Amino acid sequence: MISYLIRRLLYSVPIALGVSLMIFMLVHLAPGDPISAIAPADAPPDVVERLRVDYGYDKPLPIQFGLWLGRAVTGDLGNSVASGQPVAAEVMSAVGNTILLSLCAAVFGFTLGAVLGFVAGYKQGRAMDKIATAIAVAGISVPHYWLGMVLVIVFSVQLNALPAVGMGPGGSNDWAWDWLHMRHLILPAITLAVIPIGIVMRTTRSAVAEILNQEFVQALRAKGLSERHVLGHVIRNVAPTVLAVMGLQLGYLLGGSILIETVFSWPGTGFLLNTAIFRRDIPMLQGTILVLALFFVFLNVVVDLIQTAVDPRIKRA
Amino acid sequence: MTAALRQDQSPVAEAAPAPLVTVENLTVSFKGGDGVIKAVNGVDFTLERGKVLTILGESGSGKSVTLKAMMRLHPPRKTSYTGRIAIGGREILSLSDRELGQVRGSVVSMIFQEPMLAFDPVYTIGQQIAETVVRHEGVSRQAADKRALELLEMVQIPSAARRLKAYPHEMSGGMRQRAMIALALSCRPDLLLADEPTTALDATVQMQVLILLRQLQREMGMAVIFVTHDMGVAAEIADEVAVMYAGRFIETGPVGDVIGRRLHPYTEGLLASTVHGAQRGQRLETIAGAPPNLAKLPSGCAFAPRCRYVEPRCRETEVPLFHPKPDHAARCLRIDR
């Protein structure tokens, strides 16, 4: 198991390298360079040139990549072109906020999705199944930024029950586990959970229905096991599939909440990305995407390891 | 042995204790998307302790459905049963779900056709056997593990201790079926149901598993209902044979009589279509046509459309069971003449 773990971690090194190269290149494929975005249009050419040298944009691309990667490995993601502050510090505080939001959405969404999916799969074709399936289809189909705005209109504007923006009273960014802060989490977390609920529900439903149709379930009943024990077997069998989907969904939640974070002004990575794009703040953009991509790689390793632990048919050798 | 056998068959048998299994006018039908499927249409039989009954028939004849009905294993919402099944004094069709759970696996247990599909793939063989022992005998986990090891040794699995920790996919087909037998026998059932347990195996392994089953059956003195489509297998293991067609027993009797002095044209066709009876270089005979659609059975004898001796009266009324000998019977009007 340990050697599998080490090997699996080593596999992710080339993946991470490839990802970082892609991220580096992607930003440079866009026309214009970052300096022309921050320098005023009437700035003297020699000033622009000096800025370019200061930020290292005068060097050939491979050298730029090498330098950037070398610094990135030591945790230095450069300075923001817009604010001049170190990118790493800003990204890390945003990552913390995003993880907070994503994990809350994940716990809520995965639990609800898995429970609904299990009930639907177990009661296939009956009323419970139809209701749960309708919820799942609605969850996947409704545009979640639209749902976010509707929730804001209902709960913040009309009912005045929950805050619409930010992560703390008075726009503070310091999190605390009290009601004053937690009420800020409710609307964005619910909105963010809607898609995972649908996807996890559908995956669980089809996995449960498939397992229940297998002969071994009949064999378990033929042994005289109680329905509770039979369901235990079913859960062990659907776990690998459902966990894999949950892992991927968690990846999407961490990386893909740009719209939600923008709608709710949640100071996370999505919000940061959105701002960086509008400011053409390339170091910030690269740093944020890199951190998010590495999250994804890391989550895949975790999912693989969990799957190997639950399903003996996946070889550990 | 001969004396005991003769006593079994004598008319004085009323004095003997009640048979282990009594099935009276059993019907099983399924509600499907396209109407009601009548899979079993009135089956009667009794089975004594320690005897082997083989149900012989083609796919779709209702033999597996009858077998699974013996422990009410069909999906409850889609299935309706009528008639009576009594096993060791328990009325199977009127048991509550809880009582049924206590009977399944302990009084009656089952071996499935494809052991790869019948074991849970993510639990070890040992866990799956021990779980049954814990369920029915209320012993500790350690005691159950010990019992699982004894059982694997009993079915002659080499290096049993290691196999206990193996997952189903890590074993060969023959070994899996032995493990399945060990699982089925784990709580010393009175009645073992075997659903084509050798069909999915290689011919050589098939024979080994049959011999093992026969030997264990004799040692433990349990009754077996063995479902197969293979005459050779039936001849090997059976005391009694019932030939099934379109959800009915169309011929029943001791194995020697059914194979040697068959009464029904369908049994004749089955025998003619197996390699055992045929001569080298000759073509095997087949039974023309296909089994009837169980959603709309023909009136009269269900085999009439495929029968080479068919007469007009065959299609008129339902054919009763004729008994040319007390223990050998068949549903064919030709016997009546």
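This is a predicted model: local features need pLDDT of at least 70, side-chain atom pairs count only at pLDDT 80 or more; totals for chains, interfaces and linings use all residues.

Which pattern does chain A follow when it is read along the sequence? Chain A reads α-α-α-α-α-α-α-α-α-α-α-α-α, and there are 13 helices and zero strands in it, where helices (H or I, at least four residues) and strands (E, at least two) are DSSP runs numbered from the N terminus.

Residues are numbered from 1 along each chain as its sequence is written, chains are lettered from A and ligands numbered from 1 in the order in which they are written, and side-chain values use heavy atoms, with hydrogens and water left out.

Turning to the overall dimensions, the C-alpha atoms of chain A fill a box of roughly 85 × 60 × 35 Å along the principal axes. Of its 317 residues, 44% count as buried, meaning under 20% relative accessible area, with exposed being over 50% and partly exposed in between (1.4 Å probe, protein chains only). If we take contacts (heavy atoms within 4.5 Å) between residues of chain A at least 6 apart in sequence, 73% of them join residues at least 24 apart.

Lastly, a residue of chain B: Lys78(B) sits in the loop between α2 (63-69) and β4 (79-87) of that chain, and Lys78(B) is partly exposed, because its relative accessible area is 48%.
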